[in-house]
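Dear colleague,

A summary of the findings follows.

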Amino acid sequence: MAHQVTLIPGDGIGPEVADATVRAVQAAGADVEWERVDAGLNALEEFGVLLPSEVFASLEATRVGLKGPTATPIGGGHQSINVALRKKLGLYTNFRPVRMLPGLKTRFHDVPVNLAIFRENTEDLYSGLEHEIIPGVVESLKIITNSASLRIARAAFEYAHREGRCKVTAIHKANIMKMSDGLFLKCCREVSAAFPAVQYNELIVDNACMQLVMRPETFDLLVLPNLYGDIVSDLAAGLVGGLGIVPGANLGEHHAIFEAVHGTAQDIAGKGLANPTALMQSAVLMLAHLGERDAAQRLQGAIERVYAEGLHLTRDVGGNAPTAEFTDAVVRYAQA
Ligand code: NAI
């Protein structure tokens, strides 16, 4: 029976990379039936709401989504659609594997970068609780809870144990935010005690950024509160060729939404220049989640073959190919 999957193309380059990914998934032989629903600026234009109830209804039925990026205005305007989806569906783990692709020349291509990032996805400064106390003084609330910190720590250690990862590094700023980040660390330590075979260490976030750039090969799995996870993921993407590459998965107890780390890339939207690799690799994670291991391997293999050849790469990774040419190459190899 076909897998039903909710497809949210999103804003900016979203529809371009989503269309490319749908083609690639089909070429890999996966039996997926897409239920296409709009969220974001398209939905606002068409239905007058950013996140129509159809999106939740579809995800309630399918339990699995593939999502393009959605725009969030800076300094005002509407709240983030991602934050709303993650909170409402309890998608508490944001998993982002950061790996080199074969043949891709980056500043670090001689270094074996292979990171698993576990970002807490539901609280911290993303609580959206902000207010002006008196004119000129604004307060944003950073919420860290025992339960959310324990469950992301468990997700991280269980993954490390299952996938043979040797070391978990908890990243924090508990020297300054002694109570909130202190609680996050306390939870990580508590969970680490149940996994004696997995090495555990802690790093202050500023030092972690420096060391990630200087010695990325010394890191294995990172577990972070929401905000540091967001920032450090983009830094890590820079190690392996940029935002066009790195996939992600938002995972909860009952639902999963797969999406790239990157945003709407307004500077190249509608020009046919976007790199769909990040969403395609997110689809690889999705296929594995659905139990479609062969299709997942075929798609990953096809992407890697295109990179190893280096003939049809998009501009962001040093090539000249438009989105369609890169996609055609992936589709060809996925069908082979
Ligand atoms: P961005 O990721 O959209 O772009 C940063 C830079 O990376 C740009 O130069 C862009 O052209 C390039 N880039 C990103 N993805 C690319 C791809 N697939 N192929 C080629 N080049 C790519 O980040 P920015 O500009 O900070 O954010 C733009 C909007 O996206 C904002 O409204 C932000 O809130 C939203 N956003 C949404 C996310 C989501 O829905 N998951 C995640 C991150 C940002």
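**Domain interface, ligand and salt bridges**

Across the interface of domain 1 and domain 2, the rule finds 0 salt bridges, a salt bridge being a side-chain nitrogen of Lys or Arg within 4 Å of a carboxyl oxygen of Asp or Glu. Please note that this is a predicted model, in which local features need pLDDT of at least 70, side-chain atom pairs count only at pLDDT 80 or more, and totals for chains, interfaces and linings use all residues. Residues are numbered from 1 along each chain as its sequence is written, and side-chain values use heavy atoms, with hydrogens and water left out.

The domain assignment gives domain 1 as 1-102 + 242-335 and domain 2 as 107-240; such bounds come from an automatic or database domain assignment. Taken over C-alpha atoms, the centres of domain 1 and domain 2 are 24 Å apart. The contact (heavy atoms within 4.5 Å) takes 20 residues from domain 1 and 29 residues from domain 2.

Between them, domain 1 and domain 2 bury about 2,000 Å², with 58% of it on carbon and sulfur atoms. Buried area is the accessible area (1.4 Å probe) that two parts lose on being put together, summed over both. Tyr 92, Val 98 and Met 100 supply 34% of the area that domain 1 buries against domain 2, more than any other three residues.

There are 13 residue pairs in polar contact between domain 1 and domain 2, both residues at pLDDT 80 or more. A polar contact is a pair of N or O atoms within 3.5 Å; within protein, one must be able to donate a hydrogen and the other to accept it, and residues adjacent in sequence count only if both atoms are side-chain atoms. Helix H4 (81-88) and strand S4 (93-99) are the elements that give two or more residues to the side of domain 1 that touches domain 2. Helices (H or I, at least four residues) and strands (E, at least two) are DSSP runs, numbered from the N terminus.

As for the ligand, a backbone N or O atom of Gly 263 lies 2.7 Å from one of the ligand's oxygen atoms. The side chain of Lys 67 has an N or O atom 3.3 Å from an oxygen atom of the ligand.

A search of the whole structure finds 14 salt bridges. Asp 328 and Arg 23 meet in a salt bridge through their side chains (3.0 Å, N to O).

Yours sincerely
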